[in-house]
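Please read the briefing below alongside the sequence and the coordinates.

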Amino acid sequence: MREKILIALAALAGLLLARNLYVMLLELPDEAAQGAIYRIIFFHVPAAWTAFAGFFVALVSSVLYLIRHNLRYDALAVSATEVGLAFGAVNLVTGMIWGRIIWGIWWTWDARLTSMLICWLLYAGYLMLRRAVDDPTQRARFAAVFSIFAFVDVPIVWFSIKWWRTQHPGPVVWGGGSMDPAMYQMLFFNWIPLLLLACALVMLRLRQEETAREIEALRRHAHAL
Amino acid sequence: MDERNFLYMFYGFAAAWLIVALYVIALVRREKALRKQLDRLRHMLEHQEKKP
Amino acid sequence: MRFFRETLAIAAKDLRAEMRTKEALNASLAFALVILLLFSFAFEPTAEQTREIAGGLLWLVFAFAGALILNRSFVRELPNDCLDALVASPVSAGALYLGKALASFLLLVAVELVALPVFGVFYNVRWTAQFWPLMAVLALGTWALTVIGTIFSALTVNLRLRELMLPALVYPLLVPGLMAAIQLTTPLVAGQPLGPELYDWLKLLAGFDIIFTALSLALVETILVG
């Protein structure tokens with residue numbers, strides 16, 4: 001059953017992606033100043049949204065773990081965080097490539113880029129923390145606490161684009177930026193396949209957590225014998 | 001269609017998908033390792049239970 | 001009322017223990033001064049350059065020197081099972097945390113108050129022009145360092161690779177607060193008053209302090225007890 005859902009999600013994501021690529025490359029008009037490269041935005045921005053969605057799911061899951069003490073929530077937290085990190089990396093790298101072309105620089109320490117990189121490093125620290133704890137219950141507890149602390153950074157990243165006039169382009173989605181409506185729509189429309197893909201990856205990762213727990217149980221059984 | 005920066009756009013797209021692909025590969029590798037461990041343990045347990 | 005009495009008792013205990021050996025204090029102070037001196041020696045910044053980097057330099061020095069104090073906060077309770085005793089005692093986890101944070105805060109501020117005149121001398125900076133606003137920013141920024149350093153000292157006290165984990169977890173989390181402190185300190189050290197363009201940074205720093213203090217107090221019991 002789960003296999004079928006996974007394949008369905010991936011297939012749907014693929015189809016939407018194909019359709020979007022078609023529209024992106026052939027139908028949407030070019031941007032006046034940048035040429036073709038601006039189309040990176042349709043992956044750059046939704047990737048960030050997907051990453052934040054992942055971190056938010058991790059937050060909720062962490063809180064639920066601390067309340068209910070069910071290790072499944074811990075599994076969901078780590079899965080969502082890992083997938084969030086992957087899409088966060090997509091955001092950072094596409095941003096760097098775009099920046100190199102448009103501004104001539106790979107990086108700058110403005111508020112937006114700094115806070116996004118820090119956010120990424122923070123959640124990478126979450127994964128590192130998990131590796132430092134052996135006992136599953138203690139690991140889940142510490143990781144959950146850290147996830148709650150880490151999420152405080154996410155609103156800062158989100159609002160940094162609004163609060164600080166920086167190198168990074170101003171807000172387009174809210175805050176009165178101007179963007180061609182067709183492009184605007186595509187921004188959201190391309191988010192859907194990325195979210196579907198993220199869900200599929202989280203499901204895959206969740207299954208691995210279950211397998212890991214099964215292995216733990218078997219190992220204890222083997223010890224007992 | 002504007003040819004300017006077309007190549008760079010592809011680099012950008014490629015980078016995005018490369019990262020996702022790398023993560024999927026990491027997941028698949030981990031899956032294989034876990035499955036191997038699971039089978040080994042199961043095998044070992046069966047072997048032990050068969051002993052008198 | 002009892003909460004504050006417990007907090008002060010824990011803070012007094014930590015301070016008294018630290019004053020006996022002055023281990024962390026001396027290490028932190030020495031480290032701060034060495035960095036300041038080495039930096040001045042290595043880069044020989046001009047007056048203009050110093051004015052630009054003052055905030056960044058000072059807060060980096062405080063963050064690294066502070067790590068030496070903050071790391072010890074809960075680690076000092078490891079020998080003789082003192083940590084278990086404290087957790088089992090009637091002192092609430094929140095009071096334990098706040099007391100330790102307070103003690104570390106006072107120690108770190110002491111280090112900073114020595115480092116600032118040294119900075120003034122070796123970099124030829126008259127930093128006392130905006131003394132009280134600078135002190136306010138110092139307090140807020142140091143509290144940010146302390147709040148996060150102490151809670152993660154509690155989290156990592158029993159972990160493998162504690163020496164690596166604490167900085168790796170703490171520094172990314174600190175960045176928004178540190179950035180605000182730096183942006184506020186640079187103009188203040190240069191003698192400019194706290195104008196309205198800096199209010200956003202002040203709000204960020206204050207908000208950072210409040211949010212993380214609240215979160216830490218809420219979660220410290222979970223970390224220490226389960």
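In what order do the elements of chain C run from the N terminus on? They run α-α-α-α-α-α-α-α, where helices (H or I, at least four residues) and strands (E, at least two) are DSSP runs numbered from the N terminus. This is a predicted model, in which local features need pLDDT of at least 70 and side-chain atom pairs count only at pLDDT 80 or more, while totals for chains, interfaces and linings use all residues. Residues are numbered from 1 along each chain as its sequence is written, and chains are lettered from A and ligands numbered from 1 in the order in which they are written.

**Chain C as a fold**

- Chain C holds eight helices and zero strands.
- Because its radius of gyration of 18 Å is close to the 17 Å that the globule rule gives for 226 residues, chain C is as compact as a globular protein of that length; the radius is taken over C-alpha atoms, and the rule is 2.2 Å times the number of residues to the power 0.38.
- Along the principal axes, the C-alpha atoms of chain C fill a box of roughly 55 × 35 × 30 Å.
- Of the 226 residues in chain C, 43% are buried, a residue being buried if 20 or more other C-beta atoms, placed from the backbone, lie within 10 Å of its own.
- Among the contacts in chain C with a separation of 6 or more, 86% join residues 24 or more positions apart, two residues being in contact if their C-beta atoms, placed from the backbone, lie within 7 Å.

**Contacts between chains**

- Two pairs of chains touch, and the most contacts are between chains A and B.
- That contact takes 30 residues from chain A and 26 residues from chain B, and the side of chain B consists of 17 nonpolar, four polar and five charged residues; here Ala, Val, Leu, Ile, Met, Phe, Trp, Tyr, Cys and Pro count as nonpolar, Asp, Glu, Lys and Arg as charged, and the others, Gly among them, as polar.
- Between chains C and A, 18 residues of chain C are in contact with 20 residues of chain A, and the largest share of the chain C side, seven residues, comes from α7(C).
- Chain B and chain C do not touch, their nearest C-alpha atoms being 23 Å apart.

Methods. A residue is buried if 20 or more other C-beta atoms lie within 10 Å of its own, exposed if 12 or fewer, and partly exposed in between; C-beta atoms are placed from the backbone.
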